Amino acid sequence: KEQPKINAKVGIDKGSYTYYGTINYYDGVIISKTIENCIVLDDVEDGYTLVENSTDDGYKIELSNTTHLVSLESTNKNYTSIQEAFTEASTNDKITLLRKVILPRTTSSITIPETKEIIFDLNGYEFRTNKTVLIYNNGTLKITGESGTLKSTIQTIDNKTTGILNKEGNCTITGSGQYSTIYNSGKMTLTEGLITSDVYGGIYNQNPGQVIVNGGKIETPKVSINTWSNVNTENLENVEITEKEFAVLINDGEIKSETANAITNYSEGGAVCVNGGYIYSSQTEDMPTIYNETGVIKILAGTIISENDRAVCNYKKEEITEDENEINGGEIIITGGELIGKVGVQNIENSTLTIGTDDNDISTSSPIIKGKEYGVLNAGNFNYYDGVIQGKTNAISITGGININVPKDYEITYNTETITENGNQANYEVARLNKIKPQACKINYYDGTTLLGNSEYIPETEFVLNKFQVEAPLLLQSAK
């Protein structure tokens, strides 16, 4: 029906809907200069869909039960119902979005069963809903498209325990409410495109979820990846990195948070592995880029930057017993990459920080730990086997009388070095591992009881006698 007709600069007051009112749309046409004010609706006529078209006056929204929304490759048909297309899809089928689709909050979420394997091509269009989960995935779902957007005001995708979610193409998955855009308890992989949110976080990874980032971007106002998953088979021997299982594995791509941590690990022993990529947080204080409680953080490569706080941090979790407070700490292992922050790495009591590998093959250039104040701020267990640590105030600051474990026959040396930053020079204290120089001793040599001379000897070096002539066997004796 063409009546009633609403034609105004603001078709519907979004604010009233969001906080107070309910808006049901059963008849008529809405014309608005701003499309966002037309689409936050609670209910529409059964069997109908909101259809948007551009006009000279702005945007025209009306109801339709004949407009084709998606096509299905296996049936070569177009559908007015998206759920019907998903229901009829066969194994490894492809569904293509044909236009912008807006689902009211009373419309049921799209549900993909465990037996389905579906490719969903956004085809440059937007598919969104309000006040509900857009897609529940129990099967295998690939989101693709060179452009296009999935969006919801709650969770855009809930990837269940049996779900396998793959994000490819340059399309976007986003959210606009006080929830992470994707809830994951299955296995999800980001290869291309963007995962973001208007106001909150990117991925909430629940146990036993696994998140793999091979490319693309996760860029959010709040925590980009928040993991509670306990998945960790890092302790398997002789297994390639691609075959190991982590709660979060980052091989490439960008992860950025504007006002919070980029990654938080609240798991009980679950592992986050950074094998490449760029991870960044611009939070002013008390928000390290990677935050760990009782889990494991392993950094093999990549760049981790905190604009104004710690790049990586082990933080205590107190469990109060009748007798005392027991502090169970996490573990940070850094064998490569570059970490830059106000503090490069902080390690608190009863936690463990290991920089490098205890293999007697010492590198003094990788990994790189750099702090505008401290390179390493440590109060826990600290193993230092490789790399360079830089800090303007101190390269390494130790509290609590904790010793630093270093390779046998090596010691930490500290030097002041001038480092160029953004065209400006600054003095840093720089810590590296150097082999301990053995102390020289003298070797006396005798002909019988007669001292013939002596030579200086440095252990583990070639010993050369001074020139002399004797006819009898020599007796060598150390002159201590």
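Does Y266 count as buried, partly exposed or exposed, and what is its relative accessibility?

1. Y266 counts as partly exposed, because its relative accessibility is 25%; buried means under 20% relative accessible area, exposed over 50%, and partly exposed in between (1.4 Å probe, protein chains only). Y291, at 12%, counts as buried.

2. This is a predicted model, in which local features need pLDDT of at least 70 and side-chain atom pairs count only at pLDDT 80 or more, while totals for chains, interfaces and linings use all residues. Residues are numbered from 1 along each chain as its sequence is written, and side-chain values use heavy atoms, with hydrogens and water left out.

3. The structure holds eight aromatic pairs; rings of Phe, Tyr and Trp (its six-membered ring) pair if their centres lie within 6.5 Å, and planes under 30 degrees apart count as stacked, over 60 as edge-to-face and the rest as tilted. The F86 and F120 pair is edge-to-face, because the ring centres are 5.4 Å apart and the planes stand at 80 degrees. F86 lies in helix α2 and F120 in strand β12 (residues 117–121), 34 residues apart in the chain; helices (H or I, at least four residues) and strands (E, at least two) are DSSP runs, numbered from the N terminus. F86 is buried at 2% relative accessible area, and F120 is buried at 0%.

4. Y266 and Y291 form a tilted pair, with 5.6 Å from centre to centre and 50 degrees between the planes. Y266 belongs to strand β29 (residues 263–281) and Y291 to strand β30, 25 residues apart. Together with W228 and Y315, these two tyrosines form one aromatic cluster.
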